[in-house]
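Here is a short briefing on one protein chain. Take a look at the sequence and the structure, then read on.

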Amino acid sequence: MSLNVLPGFSLHEEDLKITYILASGPGGQNVNKVATAAQLRFDSAACTQLPDRVRTRLLELAGSRATRNGEIVMTGRRFRTRQRNREDVIERLVALIRQAAHRPAFRVATRPGKNARQRRLDGKAHRAGVKRNRKVRLDD
């Protein structure tokens, strides 16, 4: 089974290693008996389909969830069932990959125009005049 993440890139089931661990949170006494939390491991370094630009940004966005060898570890324990936690952790990984693939808009730094500079100086002069008029004069 494969998940369509981006145009030209899909995650295959064999790229993901999902194990189940004991979880705290909802589940009552079942929490102590059944391992319902899903722990996902995705080796971005071994995934050849992932472009280098996306891979580096993905590891950057993953932060502490990324290991030194380029593996991303995510844990899902929000829900009571294994299946729902598994779906949740896969959805979060897909969202992270999509965020990494998104190119931020290129912004060209511009300078204020002549009229904008003049308006700023006029405002400063006006404000200085207001403050000057508040002074207490002792010459009266």
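R78 is exposed, with a relative accessible area of 54%. Its salt-bridge partner, D88, counts as buried at 3% relative accessibility. Keep in mind that this is a predicted model.

**Salt bridges**

- The count of salt bridges comes to seven.
- In the bridge between R78 and D88, the closest N and O atoms are 3.5 Å apart.
- R78 lies in the loop between β5 and α2, while D88 is in helix α2, so the pair ties together parts that are ten residues apart in sequence.
- Why can such pairs form? Side chains of opposite charge can pair when their charged atoms come close.
- R84 forms a salt bridge with E87, with the closest N and O atoms 3.4 Å apart.
- Both E87 and R84 lie in helix α2, three residues apart, which is about one turn of the helix.
- R84 also forms a salt bridge with E91, and here the closest N and O atoms are 3.9 Å apart.
- R84 is partly exposed, at 28% relative accessible area.
- E87 is partly exposed at 34%, and E91 is partly exposed at 46%.
- K17, R41 and E71 are linked in a network of salt bridges.

**Charges over rings**

- The charged end of R82 sits over the ring of Y20, 4.4 Å from the ring's centre.

- Three strands form an open sheet in the order β3-β4-β5, with antiparallel pairing.
- The edge strands are β3 (16–21) and β5 (71–76), and each pairs on one side only.
- From one strand to the next, the twist averages 20°.
- β3 pairs with β4 (residues 37–43) in the antiparallel sense over six bridges.
- Which residue in β4 is the bridge partner of I21? The partner is A37.

**The nonpolar core**

- The largest nonpolar core has 24 residues, and L11, F42 and I97 touch the most other members.
- Several elements give two or more residues to this core: β1 (2–6), β2 (9–12), β3, β4, α1 (52–62), β5 and α2 (82–101).
- Which element gives the largest share? Helix α2 does, with eight residues.

Notes: Residues are numbered from 1 along each chain as its sequence is written. This is a predicted model: local features need pLDDT of at least 70, side-chain atom pairs count only at pLDDT 80 or more; totals for chains, interfaces and linings use all residues. Side-chain values use heavy atoms; hydrogens and water are left out. Two strands pair if DSSP finds at least two bridges between them. Helices (H or I, at least four residues) and strands (E, at least two) are DSSP runs, numbered from the N terminus. Axes are lines fitted to C-alpha atoms, for helices over the stretch in contact, and angles run from 0 to 180 degrees between N-to-C directions. A nonpolar core is a set of buried Ala, Val, Leu, Ile, Met, Phe, Trp, Tyr and Cys residues joined through side-chain atoms within 4.5 Å. Buried means under 20% relative accessible area, exposed over 50%, partly exposed in between (1.4 Å probe, protein chains only). A charge sits over a ring if NZ of Lys or CZ of Arg is within 6 Å of the ring centre and within 35 degrees of the ring normal. A salt bridge is a side-chain nitrogen of Lys or Arg within 4 Å of a carboxyl oxygen of Asp or Glu.
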